[in-house]
Structure formats: structure tokens, C-alpha cells
2 protein chains.
Amino acid sequence: MAHDFAAQILEGSNRAAARLISWLEDEDERAYECMKEIYPHTGRAFVVGITGSPGAGKSTLTNALAREIRQSGLKVGILAVDPSSPFTGGALLGDRVRMSDLADDPDIYIRSMATRGFLGGMAKAASDVVKVLDALGKDVIVIETVGVGQDEVDIVGVADTTCVVLVPGLGDAIQSMKAGIMEIADVFVINKADRPGADMLCAEVSARIEMDAHLRERGWVAPVNKSVAVEGVGVHELWLSIEAHRKYLFDSGRFYESRREKIAKEALRMIHGELFRVVREQLEQSGRLDAAVEKLMNKKLDPYTLMRDTLTEWLSSSQCKRRHDEDTKG
Amino acid sequence: MAHDFAAQILEGSNRAAARLISWLEDEDERAYECMKEIYPHTGRAFVVGITGSPGAGKSTLTNALAREIRQSGLKVGILAVDPSSPFTGGALLGDRVRMSDLADDPDIYIRSMATRGFLGGMAKAASDVVKVLDALGKDVIVIETVGVGQDEVDIVGVADTTCVVLVPGLGDAIQSMKAGIMEIADVFVINKADRPGADMLCAEVSARIEMDAHLRERGWVAPVNKSVAVEGVGVHELWLSIEAHRKYLFDSGRFYESRREKIAKEALRMIHGELFRVVREQLEQSGRLDAAVEKLMNKKLDPYTLMRDTLTEWLSSSQCKRRHDEDTKG
């Protein structure tokens, strides 16, 4: 069954892809079987991340970019991640009437996801969905997410090229928030560039890039584009900037290196998540978590001792145990 | 040494507290010893979370609230978390000339933190710092953070009462982002309420609360306050709302229940973090991660198989192994 779905996805069936993504969302065991089968066929698509503060016009820009990419004959997958909604379960963005002119094109696949689950789940989810779209034969996959916290930085960490969208007139507080996001930008876009303050913001960002020795040393200076996404202005130029970055990645050898880093990060993240899931389940089902929490409440135990005792008990590798024991001696 | 510091913190030494927090930041082993000693003396302070989008005036409101709380003779700790800066390391907020009128009051302790580290680190850090401020004898601890992603939701998850700050005129995109945050609000504050649109926003939020059966069922209906924090308007009323929620928590028995949930969550989070740290270190130092990544790059291995093999190898409890094996059979 998983095998059939994998085959259908590799043949380009959007329906099969949608099914697999649902399995991933439900943590259905069939998802793993299917992902294992498609994995050897992934890694081909180029992944673009679009991030920026709420209200920056990321969705409109993403749609316009998808249209632009389609012009050059490439197939496009869009993954819109809304990490602001940890409780609603469903994908908020799905409610929007979005991309109605794109929806009829079978070579565009659009998927929305909202935040669910515990610690760091979105980056893994995004990375899994990217693999599905990749196996489905999309040439370019665009991940759109709100860029504020560590979660979102992890999500765009899946991308080969990260575009940071800024808008004029969102005030100082918002601009200062961008401090952390400057470092992850490969391409800047000042969207809504017909608004007052666009030139000044553009100059500010350029000055910041100029100043920042760390950014210069990377061998790639992030271009600062302007766009009015709602009118399609500047979208072609944005695509050229992304293409230029892609070329830089390949020419410099950074592409291989960067993919390697991403794969290592992802492998660790998956081990992390699964290890914890298993330990948690066992602690909960055996009633040991409840017993420990009772002691913590009564201050008969402290969480630091609990943590270390649990680890000593759970880890099997003697080498690791030794290391851990050494660490705790300090 | 750790013992001396713990004793000094329990006697109310701000300097000793600052030292311990630095140790926590540096993951210095002495921090654990010290935290273990102070843990039995924690759990007494009431923790208030202030969250909202950038530009909502959270810092000003937090300062004004701290001043208000001091009026009633209570000691205040402030923890300002800036999760937007994963790369700068230092605390951005520390750069601001903030709370100059509060800084001379020895019964107010202010600490800023920026995001560092990997997966879910901030919530643990916030929770640790809250314990330090608690042991230091603060009666009320205010955690201020930008509320957008899962990270920030986890950070305010440490609080007993969560205040969500909204402002008029930030546009639809921002307001729709609040969908996820509606559920975690115990108290709403419309700040900058002298701006146009404040009454409408107030009515919208109230209508939303009214409509939402889930929110009504909790037995507490979040009040919607208005404030102009920069002029100190509405701050007293905000404090009364927080006090009312505190009273509700105690009267309904929710306080104990909620603290229990938080402690369980925190224990799991700590085990999670430490487990991963140990496994990661061992995988990296043994060169096995590199070897696995090589195979992943060449598609000779898939990350799902890697994950499960690693787990089977690492987990020592036979009960757990059995469970995990069953799971993977599906």
C-alpha cells in the first residue's frame, strides 16, 4: 500500500502526495514506509524560503513568485507554514481564498500547515513535506513562513535560498526584531515598495549589509530587491536574484556543503524527536512521570536530579554513560 | 561554592542571582548544583506573562505594571525575553535604556535574555530564571516576550496568568495571527487605547471571547482591558484583572492543577534536552554522525531507518525497546 502510494507520487500524482502529507500530519505509520521509499528520489528540487513579519505581504509575493517561476516552465510546490496557531490544529491559511488563479495549474501544488505538537515539530514537518513535493517532481519548492522566532528560523533552515521580506513603515520595534533575521537572509525584498519610506529602508538594509563583516565574509552579498507584489512589480527581479544565489551556491561548492549541514541537522532533529517520544510515552504509561511530578510538587525531588537519574537509567551505551557520568561530576 | 551562592540568593542577593543566571546561560555545571539547592524554596512567586506582537508596547506596559505592583509593597522580578535574535547571543533588550526609574529600586530585579541554542531552549531558560527570581524572594515575576510562534507560547506557558497585549491599527494580517494566542490569554489588554480603532478592537476581541465556547467552558472569561501604558493609564485596572485571575485560580483549585501541568511539562522538557545533548555529543564525537550523513547524501540510507536504528541501539529499557519495536511494526 505504502509502496503503491510512493510509486504514484513519483509518477506525479498530486492526490497521492496529499494523502502522504495527511499521513505525516497524523503520524500514521504508513507515512514512514512511504517516506523511506521516496527518499532516494529527493534532493533534486531547489528550495526557496520566504520569511518576514506579519503584514509584509509574503503570501501575495509567494503567489507572484510562483507565477513567475511557472513562466520559465518549471514546476512549483508551495508550502505555507503558519506557526502562529498552535491550538487550532487546522491550517488557517487554508481558509483564505488564496491563489485562485494558480489552483487550476496541475504543475503547482499548494499546501498549508499550522503549528501543532511539541518542541520543534514544524521544522521536521516542513522538511518532510518538502521531500514529498520534491519526489512529486516539483523543480522549485517555496516555503512561506512568518519569520520571528527560533521555530521559523528552523523552518527556513530547510531552504537553499532564504528571502527576507521587509516593508516600509512598520516602525522601529519591528525593524529591530529583524536583527536575528539579517544573518539568515540570502536575498532581501522590500515589499510594498510604493509606500513612503521604501528608499530609506532599502538604504538602511544595504548599509547594514555593508557594515556587517560577518555577512561579507560569506562570499555572497545579499542583494536588496524592491517589489510591489500585489501588482507583480519586482517579482521577475526577485527570481533573478534567487537564480543568482543558486548559481553562487553551485559555483562556490557551497551547495553541497549546505545540503550536508541540513541533512545532518535533520537527522539529529529526527533522532531527537523520536527518542523523546519513546521516553515520554514510557514515562507516562508506567505512571512514573506522575510519581515524579508528585515529588517535585512536594519538593522531595528536584527536576535536575530527576533529569539525570532518568538519563542514567535510559541510555544503554556504556561509552555514553561514562561520558555523561563524567559530565555530571563536573 | 554553589552552596554559598544558593544561600546568598535565598537571603536576597541580587548579585548572587545574577551570577547564577550567567552560569545557567553558560551551561556551567555549578548552575545545576545551585539550582538543586534553591529548588525547594521555589514555587512561591506568582508568575505573570506579558505577550503580544512587536510594537504593541509590551516593555512600557511591563515597566508600568512593575511600578504598580511595587505600590502594593510586593517585590517584583522582570524577565524580558527576546526570541527574535537567535544569532546575536547578547540580549538586545539590554541595550535599551529601559526602566531607568525602576533600576534604583533593590526590590525590582530586571533581566533580559535573547534566544540562544537549539530547539525549545528558551522555555527552559525562562523557567530556570523564574526559579532564581522566586528563590530571591520576588513576590511577582513578570515575563515579557513577543508572542508569535510556538517558542513564545512555550515561554508564556511558564506563567500563571498570561496577558495578551493588542494594539489598534496593526491591520488584518496581524490580528488574524492572534488566532493562536486567543486561547492562551487569561487577560487581554488593548494598549495604545488612545489610538483610533481601540473601541472597535475591544469589541472584536470581546465578541470573539463571547463566541468561543471553548474559552467560556474554562470557567474564566478573559477580561478585556484598555491601557495607555506610556501615560500609566489603565495599568492599575490591569493589575486588578491579574489579581482577579489569581483569585480565580486559587478558588477554583485550578492553581494546583496548572502548576502540576507546568512541572510535568518542564520535567519532560529537561529530560528531552539533556537526552538529546548526550546522544548528539556521542554521535558527533564518535564520527558516526558524519558517516551516516555521507550515506544519506548518497541515498544509501534514509533518515527514517537511521532514526530507528539509532533508537534501538540507544534505549536500554527492554520494556521500552519492546514498545518501540511494536510501534515500528505498525
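Does B:Lys299 count as buried or exposed, and how many C-beta neighbours does B:Lys299 have inside 10 Å? B:Lys299 counts as exposed because 12 C-beta neighbours lie inside 10 Å of it. The model described in this report is predicted.

## Two lysines with positive phi

Most residues other than glycine have a negative phi. B:Lys299 is not a glycine, yet its phi is positive, at about 60°. This residue belongs to the loop that joins helix H13 (288–297) and helix H14 (303–314) of chain B.

B:Lys192 also has a positive phi, near 55°, and is likewise a residue other than glycine. The position of B:Lys192 is in the loop between strand S6 (187–190) and helix H9 (198–211) of chain B. B:Lys192 counts as buried, because 23 C-beta neighbours are found inside 10 Å.

## Chain A and its domains

Chain A contains 15 helices and seven strands. Of its 330 residues, 49% are buried.

Three domains divide chain A: domain 1 (1–41), domain 2 (42–252) and domain 3 (266–329). Where domains 1 and 2 of chain A meet, 12 residues of domain 1 are in contact with 12 residues of domain 2. On the domain 1 side, the elements of chain A that give two or more residues are helix H1 (2–10), helix H2 (14–25) and helix H3 (29–38). H2(A) gives the most to this side, with five residues. By class, the domain 1 side has nine nonpolar, three polar and no charged residues.

## The nonpolar core

The largest nonpolar core has 185 residues, and A:Ile143 and B:Ile143 have the most contacts inside it. When neighbours within four places in sequence are left aside, the residues in contact with B:Ile143 include B:Val47, B:Ile50, B:Leu79, B:Val81, B:Ala126 and B:Val130. B:Ile155, B:Val156, B:Val158 and B:Ala159 are also among the contacts of B:Ile143.

## A pair of helices in chain B

Two packed helices are described by the angle between their axes and the distance between the axes. In chain B, the axes of helix H11 (residues 235–252) and helix H12 (residues 254–285) come within 5 Å and cross at roughly 95°. H11(B) is therefore roughly perpendicular to H12(B).

From H11(B), the residues B:Leu249, B:Phe250 and B:Ser252 meet B:Arg254, B:Phe255 and B:Ser258 of H12(B). By class, this contact between H11(B) and H12(B) has three nonpolar, two polar and one charged residues.

Key: Residues are numbered from 1 along each chain as its sequence is written. Chains are lettered from A and ligands numbered from 1 in the order in which they are written. This is a predicted model: local features need pLDDT of at least 70, side-chain atom pairs count only at pLDDT 80 or more; totals for chains, interfaces and linings use all residues. Axes are lines fitted to C-alpha atoms, for helices over the stretch in contact, and angles run from 0 to 180 degrees between N-to-C directions. Helices (H or I, at least four residues) and strands (E, at least two) are DSSP runs, numbered from the N terminus. Angles under 35 degrees count as roughly parallel, over 145 as roughly antiparallel, 65 to 115 as roughly perpendicular and the rest as oblique. Two residues are in contact if their C-beta atoms, placed from the backbone, lie within 7 Å. Ala, Val, Leu, Ile, Met, Phe, Trp, Tyr, Cys and Pro count as nonpolar, Asp, Glu, Lys and Arg as charged, and the others, Gly among them, as polar. Domain bounds come from an automatic or database domain assignment. A nonpolar core is a set of buried Ala, Val, Leu, Ile, Met, Phe, Trp, Tyr and Cys residues joined through C-beta atoms within 7 Å. A residue is buried if 20 or more other C-beta atoms lie within 10 Å of its own, exposed if 12 or fewer, and partly exposed in between; C-beta atoms are placed from the backbone.
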